[in-house]
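Trainee: I am new to this structure. Please take me through some of the terms used for it, one by one.

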Amino acid sequence: MQPRADLLIRKARVIDPASGRDEVADLLVEDGRLLRIGASLDAPGAELVAADGLWLLPGLVDTCVRLPEPGNHRTGSLHSETRAAAAGGITHLCATPDTDPVIDSTAVVRLIRERAMKAGFARVMPMAALTQGLQGQQLAELATLRDAGCIAVSNAGHRVQDALILKRSLEYAATFDLPVVFRPQDAALSSGGCAHEGPVATRLGLPGIPSVAETVDLARALLLVEATGVRAHFHQLSCAASVALLRHAKAQGLNVTADVSIHHLLLDESAIEGFNSLCHISPPLRSRADRDALMQGVIDGTVDAISSQHIPLGGSAKLAPFPSTRPGISGLDTLLSLVLELVQRDQLPLRRALDAITAAPARCLGVSAGRLEEGRLASLCLIDPNATRLPAEDWLSAGRNSPWLDIELPGTVRLTVCEGKVTWLSD
Amino acid sequence: MTAEPSTDPLQLTGDGQLRNFLSIEGLPRSVLEQILDNAASFVDVGDRAIKKVPLLRGKTVVNLFFEASTRTRTTFELAAKRLSADVLNIDIARSATSKGESLMDMLRNLEAMASDMFVVRHADSGAPHYIARHATPEVAIINAGDGRHAHPTQAMLDMYTIRHYKGGFAGLKVAIIGDILHSRVARSQIHALNILGAEEVRVIGPRTLLPADIESLGVSVYDDLSQGLRDVDVVIALRLQKERMDSALLPSESEFFRLYGLNNERLRQAHPDAIIMHPGPINRGVEIASEVADGERSVILHQVTFGIAVRMAVMSMCMSGREAEQRSRGGDHAAAR
């Protein structure tokens, strides 16, 4: 295990969206703690890191990561995936409960936390299953799971069909002020579909998933959130109408937040032309107008956070005709680079872009992370925004299911520190 | 973002010859016309005492049917045999290769047997594209129907039939009726008619059976059969599967027939010389009345005859495209030395 770091990072552009700080400064980490940010610091014992031209950011916080453990060893491990996270500047990641077995017992929580601790690359924050086995029938032991270390509760992609059970689950979660994370998608309206119901799916003859499959479920959830007063976060919004619903809910004063996957900000339905199954994801990539609305939602803050929506898949998962391939993109390796790509294309202002992968997701999940705070254990990353990389050459996730492998992207990570320990140092 | 390249490089050689036949979309008009012209020269092969030409002699054609279809498979088999090819029929229950890996393994095995052509029928849209991407370039792939996506040889035999009876496509109004949503035939017909220069392609059906944004394929949409049939030159009825009633797409066959079934009364709206087509097998009294199916304007049985000739044309063109490509590749290789 890594010792706590003593580092003096010299002359970096320190960008901390939470505090609004954006200046060239030195940053001192002593015994793992972020001691000071300021001009011309001095620390005789600390290791010097020359950071001219580099950016120093809070460690990234990822709200939506599907871990391969427990359950699916063929597509990597907690070790491989958290290492990919560290190399991508990510220090905190929120794990979805749809593992095998699902995160509905303290034993599973303990197993995940122990393996994550042993790997030592990132802080893994598990989400508890809202209902036992994600079956949507009986409540999971939410308070016990919270005490075991779960930061939020979710039924992941398994919609709770019964509105009464959902209402009671929300009331119970509200008792402990646990945020509930929704992944809105109506099961019947999306049944059998594998692509956005629109012109591309029609032409390719692919069964469609209409936008209304998402909005019907989102609207139901918002009404129940309003009725129960629970804190709620929505994963992976994919369409313009969802952004509008959320904007309205926030204007009404509801305690709700949302994220979007980086892929939905960069790609639209045209990416599946030629039956490109690397862009087969769920929810599906939708129209250009949907993409633009999601981007606008991120810009104006309606959509709080950007996630990797990391789903590492084995080599055979995409080796089939499009409808038979498994949906998902392995996203940890490219989250930061793709966000920088959006900034470089002038589609997203820098401050908001960095906020959406640091302070905002931490706020959504109610965790203390994603900011550079003096006196606390340091979680940060040092990046070279001007360097470019070919993801295929430095890929670390066990899942190589990504449409970005062979596309040159901006941004390399030089150093990642997670809770006082160096988790990534590039040579 | 950068989309995948169109299907053209998968279907055409560098100098524009057909090498795979996966989809009508993306093919130039000249290639479609060449298919029709070549098919014309094959039509009378069936009338000869010896119904064979030696164009595919010594070649092995594998019919890879992941979805049962005796009719289509038989016409491909007959077409291949009339071209003097050896034919291997493989009917694979879908479950046996539900995993992509075993599909790839099976392809490798078949390639190892020195197959020259795969004729692929699969329930998944895009399966022939997938196979074309992953098979060795020595094997030609012909799509015999994939999911809801495409059934290009069926569409070309329909085009052959239309050209045979109407002389060409300029000025033609064509109506396609019924279950467009699930129909790979309709999608391929729409592309073919638009590429070949038909004046108007109409689709007619209840909204439950029309796919989203179908207008984007270049069709006009009609809810009402009589309006949709007005002045059309070609009427194509699609087969209505019985299971459509189970998923609330339609209330009953009888209501469908009452609203969208073709009968002589309704056909009076169409041009007096209009022809009636159907990809078969027909459901009498569901999408089409017997009086129409067996009537003098019906060309349904001729479609079947033309089907063999069109498949012979496509198979021989793909094979010669392959061979030309390999010769030029071999030439490059020799030149490089």
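Mentor: Start with Phe182(A), which is buried at a relative accessible area of 11%. This is a predicted model: local features need pLDDT of at least 70, side-chain atom pairs count only at pLDDT 80 or more, and totals for chains, interfaces and linings use all residues. Residues are numbered from 1 along each chain as its sequence is written, chains are lettered from A and ligands numbered from 1 in the order in which they are written, and side-chain values use heavy atoms, with hydrogens and water left out.

Trainee: Why is Phe182(A) called buried?

Mentor: Buried means under 20% relative accessible area, exposed over 50%, and partly exposed in between (1.4 Å probe, protein chains only). Phe182(A) has 11%, so it is buried. Phe234(A), at 0%, is buried too.

Trainee: What makes Phe182(A) and Phe234(A) a stacked pair?

Mentor: Rings of Phe, Tyr and Trp (its six-membered ring) pair if their centres lie within 6.5 Å; planes under 30 degrees apart count as stacked, over 60 as edge-to-face and the rest as tilted. Here the centres are 5.1 Å apart and the planes 20° apart, so the pair is stacked.

Trainee: Which parts does this pair tie together?

Mentor: Phe182(A) lies in strand S10 (residues 180-182) of chain A and Phe234(A) in strand S13 (residues 232-234) of chain A, so the pair ties together parts 52 residues apart in sequence. Helices (H or I, at least four residues) and strands (E, at least two) are DSSP runs, numbered from the N terminus.

Trainee: How many aromatic pairs are there over all chains?

Mentor: There are 4. One of them joins Tyr172(A) and Phe176(A), at 5.0 Å centre to centre and 75° between the planes, so it is edge-to-face.

Trainee: How do you know that the charged end of Arg13(A) sits over the ring of Trp55(A)?

Mentor: The rule asks for NZ of Lys or CZ of Arg within 6 Å of the ring centre and within 35 degrees of the ring normal. Arg13(A) is 5.0 Å from the centre of the Trp55(A) ring. In chain B, Arg311(B) lies over the face of Phe76(B), 4.8 Å from the ring centre.

Trainee: What classes of residue line the largest cavity?

Mentor: The lining divides into 8 nonpolar, 3 polar and 4 charged residues. Ala, Val, Leu, Ile, Met, Phe, Trp, Tyr, Cys and Pro count as nonpolar, Asp, Glu, Lys and Arg as charged, and the others, Gly among them, as polar.
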